[in-house]
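Please prepare a report on the structure shown below.

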Amino acid sequence: SRRAFCLKINNIISYLQIMDFPDVSFDDECCLRVFDQEKCKRSSSLASDCKLLVSKLRDFQEITSTLMANINTIAEDTECKKLRTIGLRMKLDNMQRDTQRATSILQSRIEEKEQELDRYQTQLESLLRADAYQRNEIIKLKYGN
């Protein structure tokens, strides 16, 4: 029965070779192959290489996705810090302007008070002169000089 099977197979192979199918053969595992066994091995190798490449591409995709997520997180954090820094800088600028304004107001008040002091000193000197003159006049009138 086995022998009969082998004969039938050989007849089929002979027929296929006559019909111009020279690449039909059996491989090491007794499987009927339409292609040359070397081409089948290369095809299998290529298929396994493709599977490996696809696997590596998936790994790369995961790594890049993770990296992009991390970069986006860092970018968002940086943007928040940048906005906070801008806000603090504006607040500092406002504080400097307020300080300059307050300094200017206080300087104006100091100048006003100095002018007022000068007026009072001038008035005091005038009053002291008038007082001295009046005392002198009183003394002249009193002692007849």
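The report below goes from the whole chain to single side-chain pairs.

**Basis and confidence**

This is a predicted model, in which local features need pLDDT of at least 70 and side-chain atom pairs count only at pLDDT 80 or more, while totals for chains, interfaces and linings use all residues. Residues are numbered from 1 along each chain as its sequence is written, and side-chain values use heavy atoms, with hydrogens and water left out.

The pLDDT is the predictor's confidence in each residue, on a scale from 0 to 100. For the protein chain the average is 87, and 79% of the residues score at least 70. Among the elements of the chain, helix 2 has the highest mean pLDDT (94), and strand 1 (residues 25-26) has the lowest (61).

**Secondary structure**

Helices (H or I, at least four residues) and strands (E, at least two) are taken as DSSP runs and numbered from the N terminus. The protein chain has two helices and two strands, arranged along the sequence as α-β-β-α. Helix 2 spans residues 37-143.

**Surface**

Accessible areas come from the Shrake-Rupley method with a 1.4 Å probe; for residues, only the protein chains shown count as cover. The accessible surface of the protein chain is about 13,500 Å², and carbon and sulfur atoms account for 58% of that surface. A residue is called buried under 20% relative accessible area, exposed over 50%, and partly exposed in between (1.4 Å probe, protein chains only). Of the 145 residues in the protein chain, 4% are buried.

Leu 67, Met 68 and Ile 71 make a nonpolar surface patch of about 270 Å². Patches are made of residues with over 30% relative accessible area and no salt bridge, with like charges joined within 9 Å and nonpolar side chains (Val, Leu, Ile, Met, Phe, Trp, Tyr) within 5 Å. Ile 71 is found in helix 2 and is partly exposed, with a relative accessible area of 40%.

**Cysteines**

A disulfide is defined as a pair of cysteine sulfur atoms within 2.5 Å. By this rule the model has zero disulfides. Cys 50 is partly exposed at 40% relative accessibility, whereas Cys 80 is exposed, with a relative accessible area of 53%.

**Salt bridges**

A salt bridge is a side-chain nitrogen of Lys or Arg within 4 Å of a carboxyl oxygen of Asp or Glu. The count by this rule is seven.

| Pair | N to O distance |
|---|---|
| Glu 79 and Lys 82 | 3.7 Å |
| Asp 93 and Arg 89 | 3.6 Å |
| Arg 101 and Asp 98 | 2.9 Å |

How far apart along helix 2 are Glu 79 and Lys 82? They are three residues apart, so about one helical turn separates them. Glu 79 is partly exposed, with a relative accessible area of 36%, and Lys 82 is partly exposed at 44%.

Asp 93 and Arg 89 are four residues apart in helix 2, and therefore also separated by about one helical turn. Asp 93 has a relative accessibility of 23% and counts as partly exposed.

Arg 101 and Asp 98 both lie in helix 2, three residues apart, which is about one turn of the helix. Arg 101 is partly exposed, with a relative accessible area of 48%. Asp 98 is partly exposed, with a relative accessible area of 42%.
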